[in-house]
Amino acid sequence: MTEKALRLGTRRSKLAMAQSGQVADAVSQVTGRPVELVEITTYGDTSREHLAQIGGTGVFVAALRDALLRGEVDFAVHSLKDLPTAQHEGLVVPAIPEREDPRDVVVARDARKLTDLPRGARIGTGAPRRMAQLNAYARTHGMEIETVPIRGNVDTRIGFVRSGELDAVVLAAAGLNRVGRIDEVTDFLSVDTVLPAPGQGALAIECAADNASLIAALAELDDPFTRAAVTAERSLLAALEAGCSAPVGALADLPPLSAPLERGVPQAVGQIVKEMRLRGVVGTTDGSTLVQLSTTGPVPETHEAALALGRELATEMLAQGAAGLMGERAQ
């Protein structure tokens, strides 16, 4: 007799379905059970407002979590950057699988790179974080650009470029990788130019805290390095008391492995890494003021050590005036 299928709660977007499908296959392999996708519409999917207006934090997550708590699904897959930093009572995240490429990318007309865009280029993005850093980069490199707030899925956003409405859009590499459209990228942005959102490129697999057997099975998909890195990044975000739509960028990486990753080469296997670097940035969306700092410490061995790394950098950033740059504070 075949075991009952596990129900995976997912958002309906093409990207969410693609990443949930990949997780479903992996969960099937470790549990030996079939996994069926249960499509759930979230407030963030139906609202046409800009993320900064609807609060950003949790708008793509609440409906999935409600379904989990009601027992309508067994586990859910989230883009980690959409997950509020506060732990949800009754739920746990037993797995954060190995992270995809965390970088932001440009899809521009005429296969242009960021530095080749025409004077006055209109660049679309839904993220104040990207606006702040793109505008700051333009200021320091003598470029004239206009950042335009946009919403919508990958098709919609790239459509703005194809139709000529925008000169370029900035998206996450991970999302384009997962929907098989990475070949449309015209420029990969170095993290020195634009730091990604905390947790960008990583997924969180969440389930009920009282389902011990499922927690144990899902935990096999957890990647300890990714978990340590995103825990430090999200700890920085939480300590800044910023929501996921605030203009905060953060990336924890392992310096010896970062260079090949930046060139699109998978992480070097078997290299002993002892240090983790955490970089953070917060700025005004016009790019006129940025607070950008980094810290390096031993690779966190525990959850508490990863949290401490993020808090430590946040404290330094707040001392340099980060709080006044964020506009909205998390409620």
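Predicted model: local features only at pLDDT ≥ 70, side-chain atom pairs only at ≥ 80, totals over all residues.
Me: Before I look at details, what pLDDT does the chain average?

Reply: The average is 87, and 85% of the residues score at least 70. Watch residues 47–57, though: pLDDT there is below 50, and the stretch has 25 contacts in the model beyond near neighbours in sequence.

Me: Okay, on to helices. At what angle do H9 and H11 pack?

Reply: Look at the angle and the axis distance together. Helix H9 (residues 224–239) and helix H11 (residues 303–319) pack at about 40°, and their axes are 7 Å apart. Angles under 35 degrees would count as roughly parallel and 65 to 115 as roughly perpendicular, so H9 and H11 are oblique to each other. Their crossing is right-handed.

Me: Which residues make the contact?

Reply: From H9, they include Ala228, Thr231, Ser235 and Leu236; from H11, among them are His303, Leu307, Gly310, Arg311 and Met317. By type, the residues of this contact split into eleven nonpolar, four polar and one charged.

Me: Where is aspartate 110, and is it buried or exposed?

Reply: Aspartate 110 sits in the loop between strand S5 (104–108) and strand S6 (121–125). Exposed means over 50% relative accessible area, and aspartate 110 has 65%, so it counts as exposed.

Me: And alanine 111, buried or exposed?

Reply: Alanine 111 lies in the loop between S5 and S6, and at 59% relative accessibility it is exposed.

Definitions and conventions
Residues numbered from 1 in each chain as written. Heavy atoms only, no water. Axes fitted to C-alpha atoms, helices over the stretch in contact; angles between N-to-C directions. Helix = DSSP H or I, 4+ residues; strand = E, 2+ residues; numbered from the N terminus. Parallel < 35°, antiparallel > 145°, perpendicular 65-115°, else oblique. Left-handed = near helix turned anticlockwise from the far one by under 90°. Contact = heavy atoms within 4.5 Å. Nonpolar A, V, L, I, M, F, W, Y, C, P; charged D, E, K, R; others polar. pLDDT = per-residue confidence, 0-100. Buried < 20%, exposed > 50% of the residue type's maximum accessible area, 1.4 Å probe, protein only.
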